[in-house]
Each structure stands twice: as structure tokens, then as C-alpha cells.
Amino acid sequence: MSLKLFRDWGMLTLLAIVATGCAQQSQIGPRQDPLIGQLIDGHSQVALSYEQLVERAQAADVVYLSERHDNAEHHRIQLQVVQSLVDLELRPALGFEFFDATQTGYLMQYVSGKASLMQLGHGTGKTTSPEQRLRNRLGWSQRSDTDWGYYFALIELAKTHQLPVFGTDLPAGIKLRLSRTDLDALTPVEQQQLAMLPLDNNGYKSYMYERFRAGHCGWGNEPLLGRLYRTWQERNYRMASSIVAMSQTERQGPVVMIVGAGHTEHNWAVVTQVEQLQPELKQLNIGLQEIYIDQAPLQSYLYGDSELNSTLGPRHDLLWFTQRQDYDDPCAMFKKP
């Protein structure tokens, strides 16, 4: 098959930095890199064909298509992979990080194509399209059309082929409170929605503290880091439990999870939680990997520069290398003397 092949870290604070004009352009225009378009097995470091990727996805129970959220190329790849599974007469279920588990009803109602008596604007003389009603109910009316379009294209694909779709994350209000409030200050109702996980894996915790500091351009101390880590762990557990629940339904095809790459790096976070909840599930972690701003060897992509990375294993089972969405360095201004 001849194909033109097309980071969950910015979402914490870097978007705010970019929005306030702090990003500095480090390079004009995209650079070419021999890794672009390559599919590499993260364990054997052997190049694979697209057909081999689809074959491995077909045999898996859970497939992660781990993205940088704003990379248009990553979303095209996701559509391509899901369509390839459908072409094999499979019916994958699509899970989304960006929608919480309580919003699954809205997603399934839209995909079913059935009219609802509880339509937005019913009886008010207003008319809205089914897409706009869904967008409003999911809380995406204030997001850009571009961001919405990335995920709505997958929802439309699911509607066309009548595929199950579901949200996986914690509700936004709980995430907000967790990241800003000590655990014992939460109300019993709030605590009831959490798994209250022990946070005792020092290796992974240290790694995530590094990643949080990088996301904050080098800044970050307790208690902020501790709150971010607990929020991170609780989110990963909620996503994993949603995946496991959907995997137990009668369905021919894997659960395909649309998720930021940070939630699957080194087969930790969501991947580890799924394994603990349901060890027999076969998981395939496909990382959609942007090339770096500067040239780097394959090993750097597989293990990164952190001393902890080599103990955590390769970033993903498979890496699909793509062009960058942009060449801005949001932390550039903080690197000046």
C-alpha cells in the first residue's frame, strides 16, 4: 500500500504560555528527517510496513493511537487505522480521552442516529444541527472548530459504520479540584468518584515529576507536583477502567483508544492500569511520534534523555514518525540569560 504518512504535555500549561505570546519561533518552516513516515517496532527497532501494523492491531484487544492533540497528521492517521480495521469487517469501539465517561450517552445517542425529544432549543423556535447539539452537550462549543473537527471526524466515522463510542476520563470538575485541592479537603461526594490510588511507585513518580517540570518550562515544586501526579494517576485509572469495561462487551474488533501520548509512554499510566485490572487483555501501544525540533537519533526517541527512561523501556510498542505540527519552543524565552 502506497501511503503519504502523515504529546499530552502542552495541555497542562504550555497552551496558556503560547496564548499569552511567550512562544518563540525557533525555526522557520518544517525540516526534513529520514524518520518521517517510518513505522518502527520500539522493542526490536525493526521497521514495519503499514500492513504489518494493521495485522498487529487486528490481533489486539486494546489499541492505543497515542497522539499529540493538535497535530493534524496524527488525526488523519487515526482515521486511516480505524477505517482499515472496518475494511477488515471488524467493529472496533472508539474511546476518547477528551470526553469523560459520563458523556458516553451523548456520544452513543449521536452515533445511533436516533432523534431525541430532549433536543437543545426544542420548543424555543431555535434550530440546531445534530452536530451542534452534540458539541454543546459535550462542552466543546467554546473550543476551536479545528480542535472539534479532529475528534468529530472520528465520531462521524463511528456513526457511518455504527461503531460503539465512549468517553473515558474523569469529569472536568473533579480534575480541576484534584489539581488545586488537597485530597483530604475534598468532599465525600468528590472522593467517592476517585479510586484513591496509592502513589508508591517512586521510579514512575520521579519520571512524571520530570515531565511536569518540563511542561512548566522547568518550574514546579510541592505541593503542585504532588497534586498534578495524583490527578494524573486518578485520570489514568478512570480511563483504564472505562477501557476494560468496554472490552468486555460482545464485539468483533479491538477497543481503539484515542489518547495523548503521555498517558501511554513506556507502557505505563493507562496501559499499566489496564494490565492490572484485566491482565489477559492484549494491548498494542502505537505512538504517533513527531520528530524533534532538532535532528536526533532513533535511540533518543525510543528512550529519551532522562536517566529514568532506560528502566521504563521504550516509549511505545510501535512508533509512527510524523512531521511536527509547529516549530515553536514555548519555553524559549525562559532560556535566555
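User: Asp-169 and Arg-235, buried or exposed?
Analyst: Both residues are buried (buried is under 20% relative accessible area, exposed over 50%, partly exposed in between, with a 1.4 Å probe and protein chains only). This is a predicted model, in which local features need pLDDT of at least 70 and side-chain atom pairs count only at pLDDT 80 or more, while totals for chains, interfaces and linings use all residues. Residues are numbered from 1 along each chain as its sequence is written, and side-chain values use heavy atoms, with hydrogens and water left out.

User: What do the side chains of Asp-169 and Arg-235 form?
Analyst: They meet in a salt bridge, 2.7 Å from N to O. The term means a side-chain nitrogen of Lys or Arg within 4 Å of a carboxyl oxygen of Asp or Glu. Asp-169 sits in strand β5 (residues 165-169) and Arg-235 in helix α10, so the bridge ties together parts 66 residues apart in sequence. Helices (H or I, at least four residues) and strands (E, at least two) are DSSP runs, numbered from the N terminus.

User: How many salt bridges does the structure hold?
Analyst: There are 15 salt bridges. One of them pairs Arg-68 with Glu-290, with 3.0 Å between the closest N and O atoms.

User: Where do Arg-68 and Glu-290 lie?
Analyst: Arg-68 is in the loop between β3 (62-67) and α3 (72-87), and Glu-290 is in strand β7 (residues 283-290), so parts 222 residues apart in sequence are tied together. Arg-68 is buried at 9% relative accessible area, and Glu-290 is buried at 6%.

User: Which residue forms a salt bridge with Asp-182?
Analyst: Arg-227 does, with the closest N and O atoms 3.0 Å apart. Asp-182 belongs to the loop between α7 (172-180) and α8 (188-192) and Arg-227 to helix α10, so this pair ties together parts 45 residues apart in sequence. Asp-182 is partly exposed at 39%, and Arg-227 is partly exposed at 23%.

User: Which residues do salt bridges that share partners join into one network?
Analyst: Arg-68, Asp-70, Glu-290, Arg-324 and Asp-326.

User: Changing topic. What is the strand order in the open sheet?
Analyst: The seven strands run β2-β8-β7-β3-β6-β4-β5, with mixed pairing. Two strands pair if DSSP finds at least two bridges between them. The twist averages 25 degrees from one strand to the next.

User: Which strands stand at the edges?
Analyst: β2 (39-41) and β5 do; each has a single partner strand, so one side of each lacks a neighbour in the sheet.

User: How many bridges join β7 to β8?
Analyst: Five, and β7 and β8 (residues 318-322) run parallel. Gly-287 stands opposite Leu-319 in β8.

User: And what does helix α4 touch?
Analyst: Helix α4 (residues 104-112) packs on the sheet and touches β4 (93-100) and β5, where contact means heavy atoms within 4.5 Å. The direction of α4 makes about 165 degrees with that of β5. Axes are lines fitted to C-alpha atoms, for helices over the stretch in contact, and angles run from 0 to 180 degrees between N-to-C directions.

User: Last one. Which residues does the disulfide join?
Analyst: The structure holds one disulfide, from Cys-217 to Cys-331, at 2.0 Å S to S. The cut-off for a pair of cysteine sulfur atoms is within 2.5 Å. The link of Cys-217 and Cys-331 is left-handed, with -80 degrees about the S-S bond. Cys-217 is in the loop between α9 (202-215) and α10 (224-247), and Cys-331 is in the segment after β9 (328-329), 114 residues apart. Cys-331 counts as buried, at 11% relative accessibility.
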